[in-house]
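Hi,

Here is the structure I promised to send over.

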Amino acid sequence: MGKAIQAAIEADPGFELDNDNGDVLVDFSSPGALQASLDRAVSAGIPILVGTTGLDELADKRIAKAAETVAVLRAPNTSLGVALLADLVERAARILDREHWDIEVVEAHHSKKADAPSGTALYLGEAADKGRGGGSPVERGREGTGLKRESGAIGYSAIRGGTVAGDHEVMFLGPEERLILSHRAESRAIFARGALAAARFLRGQPAGLYTMRDVIGSAE
């Protein structure tokens, strides 16, 4: 992602890469490096985009704490298309009732991805849960015999292999019909362009916690 963002900056005259005096800090590092990035943003008084995934509850608290001082945009996926997909998923989940429609989130990534389900899959599942009013049970990694799907649950399946940049499907499975909302990432360049759009949005924003849906909302 670092190389992809550098290439996107070189192609966009509106941006300049500055490791010491930037207007926005962009973090696509690792869970272990997150605190240092947050501290740097807070110390400098600049917004930060957190694109790192695989974060735990402690990271959630650290992000929330930093958001009290500076603008923090947390994005498990910086694709503008995925941000729009999350919006559509929430709308669909609000309309298609949990009694008759099951929800499954299926994702595929390259063989070296370290976390599963992907942060994007969880993000889409959260959008579906929000559409249903919250409190949906979660089912991950089913295995064995005699299994029965819990009513109203949101299921997750992860596929790993090859060089897949990122594929996501949210399946609404109803009586005698299916609605499938999906996104295919063909290159990491889309995430880099989305990160620049997020950086542009963040500049000048007051302290608080933001998402990519705020970014696409600002373009409406």
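**Helix packing and the sheet**

Helices here are DSSP runs of H or I with at least four residues, strands are E runs of at least two, and both are numbered from the N terminus.

Before going further: this is a predicted model, where local features need pLDDT of at least 70, side-chain atom pairs count only at pLDDT 80 or more, and totals for chains, interfaces and linings use all residues. Residues are numbered from 1 along each chain as its sequence is written, and side-chain values use heavy atoms, with hydrogens and water left out.

Back to that first pair. Ala-4, Ile-5, Ala-8 and Ile-9 of helix 1 touch Ala-192, Ala-195 and Leu-196 of helix 6, contact meaning heavy atoms within 4.5 Å. By class, that contact has seven nonpolar residues, no polar and no charged ones (nonpolar is Ala, Val, Leu, Ile, Met, Phe, Trp, Tyr, Cys and Pro; charged is Asp, Glu, Lys and Arg; the others, Gly among them, are polar).

Then there is helix 4 (residues 80-95) with helix 5 (residues 119-131): their axes come within 7 Å and cross at roughly 35°. This crossing is right-handed. The residues in contact include Val-82, Leu-85 and Val-89 from helix 4 and Tyr-123, Leu-124 and Ala-127 from helix 5. The class count for this contact is ten nonpolar, two polar and three charged.

Four of them make an open sheet in the order 1-2-3-9, with parallel pairing (two strands pair if DSSP finds at least two bridges between them). Strand 1 (25-27) and strand 9 are the edges, each pairing on one side only. On average, neighbouring strands are turned by 20° against each other, direction ignored.

Strand 2 (residues 48-50) and strand 3 (residues 71-74) share three bridges, and Ile-48 has Val-72 as its bridge partner. Three bridges also link strand 3 to strand 9 (residues 208-210). There, Val-72 sits opposite Leu-209, and Leu-73 stands opposite Tyr-210.

Cheers

Notes. Axes are lines fitted to C-alpha atoms, for helices over the stretch in contact, and angles run from 0 to 180 degrees between N-to-C directions. A crossing is left-handed if the near helix is turned anticlockwise from the far one by less than a right angle, and right-handed if clockwise.
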